[in-house]
Amino acid sequence: MVKKVNRIRHAYGLHRLRPSYSLFVSAKLYSHRMMRSDYFGHLSRIPVASGWSAAGETLEWHSGWRLRPRAVVSRWMHSPPHRAVLLSSRFTRIGVGRTRGRYGHMRATMWVAHVGRH
């Protein structure tokens with residue numbers, strides 16, 4: 001997933017986002033939280049560890065448990081707000097998490113990408 005985002009950033013002349021374990025953990029935890037609470041959406045504050053001077057978030061879910069990273073990145077790039085986050089030159093790091101489970105009455109996969117700058 002990170003490689004796919006970085007290929008797109010490279011095509012736009014942007015620096016690559018380096019993987020961050022802290023952002024991976026926060027993204028994974030938030031995808032679990034949304035699935036567990038049967039909620040999909042952004043909170044008023046992005047739930048990342050302290051120490052980040054800026055943070056951004058993109059979310060996506062699809063039915064089924066099949067992983068579709070290419071389709072998820074494509075949807076993010078076709079959504080102006082998500083695209084703006086992932087192509088922002090403000091951010092230097094990224095972490096992506098996903099959770100499979102039940103959303104409503106269906107099998108679903110939820111994706112979260114957290115981006116940040118120290």
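The structure is a predicted model, for which local features need pLDDT of at least 70 and side-chain atom pairs count only at pLDDT 80 or more, while totals for chains, interfaces and linings use all residues. Residues are numbered from 1 along each chain as its sequence is written, and side-chain values use heavy atoms, with hydrogens and water left out. Helices (H or I, at least four residues) and strands (E, at least two) are DSSP runs, numbered from the N terminus.

At the start of α2, a side-chain oxygen of Ser20 comes to within 3.4 Å of the backbone nitrogen of Ser22. Such a polar contact is a pair of N or O atoms within 3.5 Å; within protein, one must be able to donate a hydrogen and the other to accept it, and residues adjacent in sequence count only if both atoms are side-chain atoms.

Burial in α2 involves Leu23, Ser26, Ala27, Tyr30, Ser31, Met34 and Met35. These residues cover an arc of only 165° around the axis, which puts them on the same side of α2; the arc is that of the directions from the helix axis to the C-beta atoms. An α-helix has 3.6 residues a turn, so residues three or four places apart point the same way. Tyr21, Leu29 and Arg36, on the other side of α2, are exposed. Here buried means under 20% relative accessible area, exposed over 50%, and partly exposed in between (1.4 Å probe, protein chains only). The buried residues of α2 pack against β2, β3 and β4.

Ser31, located in α2 (residues 21-37), has a relative accessible area of 0% and is therefore buried. A polar atom of the Ser31 side chain lies 2.8 Å from the backbone oxygen of Lys28. Apart from neighbours within four places in sequence, Ser31 is in contact (heavy atoms within 4.5 Å) with Gly97, Arg98, Thr99, Met110 and Val112.

Strand β4 (residues 106-117) is mostly covered, nine of its twelve residues being buried. Two strands are considered paired if DSSP finds at least two bridges between them. Strand β2 (residues 54-63) pairs with β4 in the antiparallel sense over ten bridges, and Thr58 has Ala113 as its bridge partner in β4. Strand β3 (residues 93-103) also runs antiparallel to β4, to which eleven bridges join it; Gly97 has Val112 as its bridge partner in β4. The hairpin of β3 and β4 has two residues between the strands, and in it Gly104 takes a positive phi near 70°.

Ala113, within β4, counts as buried because its relative accessibility is 1%. The C-alpha atoms of Ala113 and Ala27 are separated by 5.9 Å, although the residues are 86 apart along the chain. Not counting residues up to four places away in sequence, Ala113 touches Gly56, Glu57, Thr58, Trp76, Gly95 and Val96.

A salt bridge was defined as a side-chain nitrogen of Lys or Arg within 4 Å of a carboxyl oxygen of Asp or Glu, and by this rule the count comes to one. The side chains of Glu60 and Arg75 form a salt bridge at 2.7 Å, N to O. This pair links distant parts of the chain, with Glu60 in strand β2 and Arg75 in helix α3 (residues 69-77), 15 residues apart. Glu60 is buried at a relative accessible area of 7%, whereas Arg75 counts as partly exposed at 39%.
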